[in-house]
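Let's take a friendly walk through a protein chain. Have the sequence and the 3D view ready, and follow along.

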Amino acid sequence: MRFRHRAAAGFATLLLPFAGLVGLASPAEAATSATATFAKTQDWGSGFEGKWTVKNTGDTTLSSWTVEWDYPSGTSVTSAWDADVTSSGTHWTAKNKSWNGTLAPGASVSFGFNGAGSGSPSNCKLNGGSCDGGTTNPSDSAPSAPGTPTASGVTDTSVKLTWSAATDDKGVKNYDVLRNGTKVATVTTTSYTDTGLTAGTSYSYTVQARDTADQTGPVSGALSVKTTGGTTDPDPGTGGKVKLGYFTEWGVYGRNYHVKNLVTSGSASKITHINYAFGNVKDGKCVVDDTYAAYDKAYTADQSVSGVADTWDQPLRGNFNQLRELKAKYPNIKVLYSFGGWTYSGGFAQAAANPAAFAASCKSVIEDPRWADVFDGIDIDWEYPNACGLTCDTSGAAAFKNLVAALRSEFGSDYLVTAAITADASSGGKIDAADYGGASAYLNWYNVMTYDYFGAWDKTGPTAPHSPLTSYSGIPKAGFNSADAIAKLKAKGVPSNKLLLGIGFYGRGWTGVTQAAPGGTATSPATGTYEAGIEDYKVLKTSCPATGTVGGTAYAYCGSNWWSYDTPATIGTKMTWAKSQGLGGAFFWEFSGDSSNGELVSAINSGLS
């Protein structure tokens, strides 16, 4: 997936620090007749949700309010709503919006924010004066967090939860039980049986205490539970063949491609798995990359899979929530979070130095209580172990096997653990650089990247198809084709049913070409919408229709441009070949390159059926 993250770079400037979007607030009139109190309404370990409440306790109307407080180093506000929040070092200031600054006597208003770190606010000021007790009511503190729940009596449709009690100076009144971040029950005891669940499905549970003054404390640790039953066959109608597509996080920007497009194109009903690309690998750990696109971007009703608009205060928005809605509509679809890719593979070298710590960090991301029900597994896209991609790795031939072994140990058998790997079958090439045979014992399957063999990074050619199924006379390099890659991986001990054939939903091309047949010379990469030398199938099918086939894939010659790409017909040929080889199925990069009616996804689906 040579090009995959370059498109993201163009959108980095869209993500501005929150503090840079608002004006610096200044204190208004001194407040001697109002209070400001703080509550931590959610806590997910690496971050939290906080809420300040301003109340007018006097006899005259309050015309504006400004709340100030300090956080210790390492704790910060990452996003906020219903107030303009700025910072100067560790000092934070929140000023009312134009529509919520006026408070009549006895009235109150709240604003909320998401934060990073674990510190508590201090030195509170309201309109330059005292907050009348600081961050909490001194006569009645909020309850503590209950113990992390444990599960028992797990069935296909239910689970019993039990937790240790929270403490409070005035007494705990009840507990809110949250499933996947949404409250499903309020109980007065320290146990609850959740029913009406779906067989073979993962859920995340937390508990939050409420005291007699109706104050809520921080949420407990998260428990991940998978109900029994279900099926391990991803698609019984095709004998369990995997039909997997990559969905790119950054596609919601310039490409304007969203999860709902999987529904409108008809593709959602024809796939079994989605790889969400990409999480980053930083400091040897898995991290979410673009948090705005992943879980904060708000969708309107017409943009949403469910047809319901996101609200400002819902626990999860963005792509993750849309994937949740997609899974509710198409329960057969499994979603994996893919980490790495061409741009982010440099972090795997540090991860390989401590595989157990890396695996634990990845599971922490996957099981974040805000979206623990969204992901059914993890995909590792390391380009390339003990070899060179954008950067070069020298961690050794055993590093990849050690890494995926740690992932399997951490995630257990309930999760899918997969990897996208090289398809370089040349002698001494990338397949020979790592122990892919030994590592396969820990993985559900490999996504073999049988594309990007040739392209206009060799700007003068020779022209050659980037995704040949087989070798052909005049191919520029031996071993650069799908059949040789699959054969070599089998020879190294990888079972056939753990190999997925890769399909690119794009073409690669040159310009300045004078012959239609492959093997011609060129002057430079052909013009592409997002990057020179590359273009989506949905564009090429009409702008430069296929004029021939070579090595089991299509090519096109139009004017002085020469492109190679797969069509529904060549995909049909490849799917027939995949079945003849006993492969586990096929995958593709990536959804947005397909036509609006999902022609290529349909070809994969029918070809594997």
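Predicted model: local features only at pLDDT ≥ 70, side-chain atom pairs only at ≥ 80, totals over all residues.

Residues are numbered from 1 along each chain as its sequence is written, and side-chain values use heavy atoms, with hydrogens and water left out.

**Strands that pair**

Helices (H or I, at least four residues) and strands (E, at least two) are DSSP runs, numbered from the N terminus. Two strands pair if DSSP finds at least two bridges between them.

Start with an open sheet of three strands, in the order β10-β11-β14, with antiparallel pairing. Its edge strands are β10 (150–152) and β14 (191–194), each of which pairs on one side only. Look next at β11 (residues 159–162), which is joined to β14 by four bridges.

Now move along to β12 (residues 172–179) and β13 (residues 182–187), an antiparallel pair with five bridges. Arg 179 stands opposite Thr 182 in β13. This hairpin has two residues between its strands, and Asn 180 takes a positive phi near 55 degrees.

**A tryptophan in a strand**

Is Trp 92 buried or exposed? Trp 92 is buried, with a relative accessible area of 8%; buried means under 20%, exposed over 50%, and partly exposed in between (1.4 Å probe, protein chains only). Trp 92 lies in strand β6 (residues 91–95). Leaving aside neighbours within four places in sequence, Trp 92 is in contact (heavy atoms within 4.5 Å) with several residues, including Val 67, Trp 69, Tyr 71 and Val 85.

**Helix α8**

Helix α8 (residues 399–411) has 13 residues. Its expected span is 1.5 Å times one less than its number of residues. That gives 18 Å, and the end C-alpha atoms are 18 Å apart, so the two agree. Among the buried residues of α8 are Phe 400, Leu 403, Leu 407 and Phe 411. The buried residues of α8 pack against several elements, including α7 (355–366) and β23 (416–421). Just after α8 comes Gly 412, with a positive phi of about 70 degrees.

**The disulfides**

A disulfide is a covalent bond between the sulfur atoms of two cysteines. Here the rule is a pair of cysteine sulfur atoms within 2.5 Å, and the count comes to four disulfides.

| Pair | S to S distance | Torsion about the S-S bond |
|---|---|---|
| Cys 124 and Cys 131 | 2.0 Å | about -70 degrees |
| Cys 388 and Cys 392 | 1.9 Å | 110 degrees |
| Cys 544 and Cys 558 | 2.0 Å | -115 degrees |

The link of Cys 124 and Cys 131 is left-handed because its torsion is about -70 degrees. Cys 124 is buried at 11% relative accessible area, and Cys 131 is buried at 1%.

The link of Cys 388 and Cys 392 is right-handed. Cys 388 counts as partly exposed at 37%, whereas Cys 392 is exposed at 56%.

The link of Cys 544 and Cys 558 is left-handed. Cys 544 sits in the loop between α11 (537–543) and β29 (548–550), and Cys 558 in strand β30 (residues 553–558), 14 residues apart. Cys 544 is buried at 1%, while Cys 558 counts as partly exposed at 22%.

Which pairing do the bonded cysteines follow when numbered in sequence order? The pairing is 1-2, 3-4, 5-6, 7-8.
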